[in-house]
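Biologist: Can you walk me through this one? I would like to start with the salt bridges and then move to the interface.

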Amino acid sequence: MFAQLLSDVGSLWAKYGTVYLTGIANTLILAVTATLIGCIIGFLCGILQTIPYGPNDHFIKRFLLKLIRIILRAYVEIFRGTPMILQAVFIYYGMPYFFGISFKDIWTVSIIVVSINTGAYMAESVRGGIMSIDPGQFEGAKAIGMNHWQTMLYVILPQTLRNIMPQIGNNYIINVKDTSVMFIIGFSDFFAVHKMVSGAVFKYFPSAFMEMIGYLCLTLLASFLLRKMEKKLAGKSNYELVNTDQLVMAAGTYSYPAEAGTPFDEISKDYKGEKK
Amino acid sequence: MSEHILEVRHLSKAFGSHAVLKDIDFTVDKGDVTSIIGASGSGKSTLLRCINLLETLTTGEILFHGKDISKGKINPSEYRAKVGMVFQNFNLFNNMTVLANCMIGQQKVSKINKEEAKKRALYYLNKVGMAPYINARPDQISGGQKQRVAIARALAMEPEVLLFDEPTSALDPEMVGEVLDVMKSLARDKMTMLVVTHEMSFARDVSSHVVYMADGIIEEEGPPSEIFTNPKSLRTREFLKRVLND
């Protein structure tokens with residue numbers, strides 16, 4: 001029985017191998033691109049949603065910021081609360097109705113649909129990630145004069161990214177599998193290949209078997225890579241004391257005599273000298 | 001002749017119906033080391049946070065070199081770059097090394113190039129004795145070390161005033177000394193400082209001016225010699241008796 005399955009799979013692969021591989025490549029490219037764009041959308045939503053405003057601000061600024069929050073809220077609720085397969089239909093067939101735009105390229109439309117769908121989920125993940133950051137981090141950044149964008153970009157979001165890495169992984173893996181619904185508008189991903197091939201040669205199970213293995217490989221590979229990235233983001237677990245750098249010639253001890261100034265006067269002079 | 005760096009006028013702050021600060025008036029001059037003392041909940045930290053615009057004022061104004069900074073006419077980021085702040089909980093950026101913590105503000109806010117920023121960061125890290133630790137991340141060093149880095153980070157912006165919000169309160173007793181030593185050396189360098197503290201020895205021996213706060217008002221202020229040896233107000237006397245006998 002197993003031998004039969006293997007020989008069927010073998011013959012399918014011999015005949016349609018490249019078709020399957022193209023399907024895998026399409027799925028992979030769509031999932032990776034859409035997850036990346038989705039992340040960017042999510043982080044942008046995170047930055048926009050957290051712009052602070054107070055009672056002292058101009059009322060137009062307050063109004064605009066409130067409006068932004070309402071729009072983002074609506075975006076998240078709508079795209080999280082409806083099936084992606086319907087969103088694809090709405091955007092693909094709806095755009096010509098409302099705006100007279102028709103998509104010639106199925107890739108563009110697929111990437112747009114999956115990206116904004118992912119973005120809606122990511123926006124919530126990022127929001128959660130930002131909430132988990134100690135408010136002291138915001139205050140520390142503000143206190144040295146950073147504005148909201150700088151605070152977010154250099155301090156908060158890098159820490160958020162690290163915290164939500166597992167959720168980005170989740171989204172990516174979901175995307176690898178769920179991009180299969182894009183067949184509704186004619187995107188030929190890995191699963192669409194199965195339908196095409198099995199329809200032509202009537203070998204449903206061997207083809208499905210290959211699909212299972214293929215999808216599993218894609219997601220396992222993703223999990224592995226994400227773990228690696230998480231480790232990298234966590235940084236080194238130890239550090240080296242720097243006692244050799246010329247600028248840092250101090251021996252690494254803290255105490256210095258109170259009246260004699262610092263033992264680093266050489267450097268002080270050098271530094272003060274360079275400053276106008 | 002002497003120009004006030006900071007001038008607080010009729011400052012009040014309320015959280016809802018709870019008035020934390022009531023009609024505060026005081027000034028900071030160049031080179032002053034002002035200690036703000038008082039019981040917990042007397043509004044010391046809130047005052048400091050108002051001065052750095054981390055809290056919005058309910059009424060009153062804060063003048064920086066004679067200009068009102070509290071009404072949103074001046075960009076708070078630009079103002080904060082000139083007024084450094086050191087927090088009780090350090091608030092070092094967890095995603096950066098010690099060195100990067102001291103460089104990021106210079107590079108992004110003051111737009112100083114990387115080399116100069118590094119030089120300046122190393123200079124101030126040397127000053128607080130943390131230069132050997134430039135490659136460490138905040139979660140790898142002790143509390144006292146973190147606070148010294150936080151001071152270096154604030155100094156690297158070369159601010160005109162440095163605000164300290166209970167800089168030693170979150171530290172183990174054996175680490176308090178190293179942070180106070182750094183603050184003392186800053187005082188010797190004539191850095192203008194405003195320090196909210198429970199360290200009475202610092203207030204008495206290092207500061208040039210002491211402000212005693214109670215229940216959201218300034219109960220008494222003056223040179224430390226007067227406040228500590230001859231307080232006029234009964235409440236000041238009782239507070240000092242309580243904390244100095246501990």
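Modeller: A salt bridge here is a side-chain nitrogen of Lys or Arg within 4 Å of a carboxyl oxygen of Asp or Glu. Arg235(B) and Asp215(B) meet that rule, at 2.7 Å from N to O. This is a predicted model, where local features need pLDDT of at least 70, side-chain atom pairs count only at pLDDT 80 or more, and totals for chains, interfaces and linings use all residues. Residues are numbered from 1 along each chain as its sequence is written, chains are lettered from A and ligands numbered from 1 in the order in which they are written, and side-chain values use heavy atoms, with hydrogens and water left out.

Biologist: Where do Arg235(B) and Asp215(B) sit in chain B?

Modeller: Arg235(B) is in helix α9 (residues 234-244), and Asp215(B) is in the loop between β9 (209-214) and β10 (217-222). They are 20 residues apart, and the pair links distant parts of the chain. Helices (H or I, at least four residues) and strands (E, at least two) are DSSP runs, numbered from the N terminus.

Biologist: Is Arg235(B) buried, exposed or partly exposed, and what about Asp215(B)?

Modeller: Arg235(B) is partly exposed at 35% relative accessible area, and Asp215(B) is partly exposed at 48%. Buried means under 20% relative accessible area, exposed means over 50%, and partly exposed is in between (1.4 Å probe, protein chains only).

Biologist: What does Glu158(B) pair with?

Modeller: Glu158(B) forms a salt bridge with Arg120(B), 3.6 Å from N to O. Glu158(B) lies in the loop between α5 (143-156) and β7 (161-165) of chain B, while Arg120(B) is in helix α4 (residues 114-127), 38 residues apart. Glu158(B) is partly exposed at 26%, whereas Arg120(B) is buried at 10%.

Biologist: And how many salt bridges over all chains?

Modeller: There are 19. One of them joins Glu124(A) to Arg80(A), with the closest N and O atoms 3.7 Å apart. Glu124(A) is in helix α4 (residues 106-131) of chain A and Arg80(A) in helix α2 (residues 59-80), 44 residues apart. Glu124(A) is buried at 18%, and Arg80(A) is partly exposed at 31%.

Biologist: Which residues are linked in a network of salt bridges?

Modeller: Arg73(A), Glu77(A), Arg80(A), Glu124(A) and Arg127(A).

Biologist: Now the interface. How many residues does each chain give to the contact?

Modeller: Chain A gives 43 residues and chain B gives 49, with contact meaning heavy atoms within 4.5 Å. About 4,000 Å² is buried between the chains, and carbon and sulfur atoms give 56% of that. Buried area is the accessible area (1.4 Å probe) that two parts lose on being put together, summed over both.

Biologist: How many salt bridges cross the interface of chain A and chain B?

Modeller: The rule finds 1. Glu139(A) pairs with Arg49(B), the closest N and O atoms being 2.7 Å apart. On the side of chain A that touches chain B, the elements giving two or more residues are α5 (135-143), α6 (148-178) and α9 (265-274). α5(A) gives the most, with 7 residues.

Biologist: Last topic, chain B as a whole. How many helices and strands?

Modeller: Chain B has 9 helices and 10 strands. Its C-alpha trace spans about 55 × 45 × 40 Å along the principal axes. Of its 246 residues, 59% count as buried.
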